[in-house]
Structures are given as structure tokens and as C-alpha cells.
Amino acid sequence: MRLTALLLLLGTPLWAAPWWDDFPTTVQTSNLSLIESSGADSALCGFADDPCWGILGQRIRYLPAQRKLDALAGDGLKRLVWSEAFGTCEQYIAEFQRGSDGKIVGFSGDPTTPRPRLNHWGWHTWKPLPDRERHWVGLAEYYADEPWLRPWTRTHPRYGAPPF
């Protein structure tokens, strides 16, 4: 209250205009050129927005979209995503590839994150390959501290959690 009174005495306006005169505009798309050409200052873009799949699922969604997310941040746009919080814990099955060293192959920019070669969106194209294996991706594997999934489990130093 004292700061408000002091600013009023000094003749300094608290706000240049009411917030509704500068209401945020939002566009819903993940197409960068549409976002940039729309003139919006925020985008409901759907990048990295699947918390019901655990932190691996989040990371898998984030890494391929990182360039787009960084471009939006560089343009000063706010990135909005939704959290599917309906009380359900979904899982999907994905196929991963083992490298010549016996480890699951990760993303080129982050080899610690297992990179799916095939997931539920393209399962109709599946065929058995000798260097591939299938795993569930979701909260159950996160809490079970599955060895193939580390470090993206409940034992992660930053994103971990106590046993369920």
C-alpha cells in the first residue's frame, strides 16, 4: 500500500493501460511459420505435452521439438501446452534398437534418452527385426526403475520420485 501511495504521489501510473487493452493473443498450431505470421504472442503448440507417459515420454516428445521450442522462445512467444490430467496413466508400446555396444540407441543430441524407432502411431508398419526390442513407455516403467530406461526413472537426480 505504501508503494502504491508513493507512486501516486510521484505521478507515476501503476500501469500504462489496463490488461484488457493488451490482451494476449493465442494461436493453436505447431506450424512455426503460421505461428510467426499470425501476430500472436502465445501458441498452444502441443510440443512436449504428455505427462501421463512419465518423464521418458515427455523427453521423447521434447527432443524432436526442441528446435521449434527454442525458435518460439527466441521470438518472444509464450509456449502453452496442456496436461492430460484425467486421473489416467496411459502407456504405449515402442520399439527400440540396440547398438553394437549392446546399449539402446539414444537421440543424436542426447544419447542418454532411448530413441523409439517405432511407436503406437506407426505400429501398422511393424515387422520383426533382430536388433529391435519392444518396451512399454509410461509411469509404470518410471516407478519400476526399469534398467533400460535409466536415467529417466524415479531414481533420476532431478526428476526422480520416492518409490510408489
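Thr29 sits in the loop that runs between strand 1 (26-27) and helix 2 (32-38). In this predicted model, its relative accessibility is 17%, and because buried means under 20%, Thr29 counts as buried. A polar atom of the Thr29 side chain lies 3.1 Å from the backbone nitrogen of Asn31. Leaving out residues up to four places away in sequence, Thr29 touches Leu34, Ile35, Leu44 and Cys45.

Strand 1 runs parallel to strand 2 (residues 42-44), and two bridges join them. Across this pairing, Thr26 stands opposite Ser42 in strand 2.

## The protein as a whole

Stepping back, the protein has four helices and six strands. Along the sequence they follow the pattern α-β-α-β-α-β-β-β-β-α. The protein has 164 residues, and 30% of them are buried. Its accessible surface is about 11,000 Å², with 57% of that belonging to carbon and sulfur atoms. How much of the contact in the protein links residues 24 or more positions apart? Such pairs account for 56% of the contacts with a separation of 6 or more.

Seven bridges join strand 4 to strand 6, while strand 4 and strand 5 pair over two bridges. You can follow both pairings residue by residue: Tyr92 stands opposite Val137 in strand 6, and Phe96 has Pro116 as its bridge partner in strand 5. Why is strand 4 described as largely enclosed by the rest of the structure? Five of its seven residues are buried, so the rest of the structure largely encloses the strand.

As background for looking at any such strand, side chains in a regular strand alternate between the two faces of the sheet.

Phe96 is part of strand 4 (residues 91-97), and its 0% relative accessibility is why Phe96 counts as buried. The C-alpha atoms of Phe96 and Arg134 are 6.2 Å apart, although 38 residues separate the two along the chain. Setting aside neighbours within four places in sequence, the contacts of Phe96 include Ile104, Pro114, Asp131, Glu133, Val137 and Trp148.

The largest nonpolar core holds 13 residues, and those touching the most other members are Leu56, Tyr92, Phe96, Val137 and Trp148. Helix 3 (54-74) and strand 4 each supply at least two residues of this core. With neighbours within four places in sequence left aside, Leu56 contacts Thr113, Pro114, Val137, Trp148, Leu149 and Trp152. Another core lies apart from this one and has eight residues, including Val27, Leu32, Ile35 and Leu72.

Which segment holds Thr153? Thr153 is found after helix 4 (139-144). With a relative accessibility of 0%, Thr153 counts as buried. The side chains of Thr153 and Thr155 are joined by a polar contact of 2.9 Å. Apart from neighbours within four places in sequence, Thr153 is in contact with Ile55, Glu141, Tyr142, Asp145, Glu146 and Gly160.

| Residue | Relative accessibility |
|---|---|
| Thr29 | 17% |
| Phe96 | 0% |
| Thr153 | 0% |

Notes: Residues are numbered from 1 along each chain as its sequence is written. This is a predicted model: local features need pLDDT of at least 70, side-chain atom pairs count only at pLDDT 80 or more; totals for chains, interfaces and linings use all residues. Side-chain values use heavy atoms; hydrogens and water are left out. Buried means under 20% relative accessible area, exposed over 50%, partly exposed in between (1.4 Å probe, protein chains only). Contact means heavy atoms within 4.5 Å. Accessible areas come from the Shrake-Rupley method with a 1.4 Å probe; for residues, only the protein chains shown count as cover. A polar contact is a pair of N or O atoms within 3.5 Å; within protein, one must be able to donate a hydrogen and the other to accept it, and residues adjacent in sequence count only if both atoms are side-chain atoms. Two strands pair if DSSP finds at least two bridges between them. A nonpolar core is a set of buried Ala, Val, Leu, Ile, Met, Phe, Trp, Tyr and Cys residues joined through side-chain atoms within 4.5 Å.
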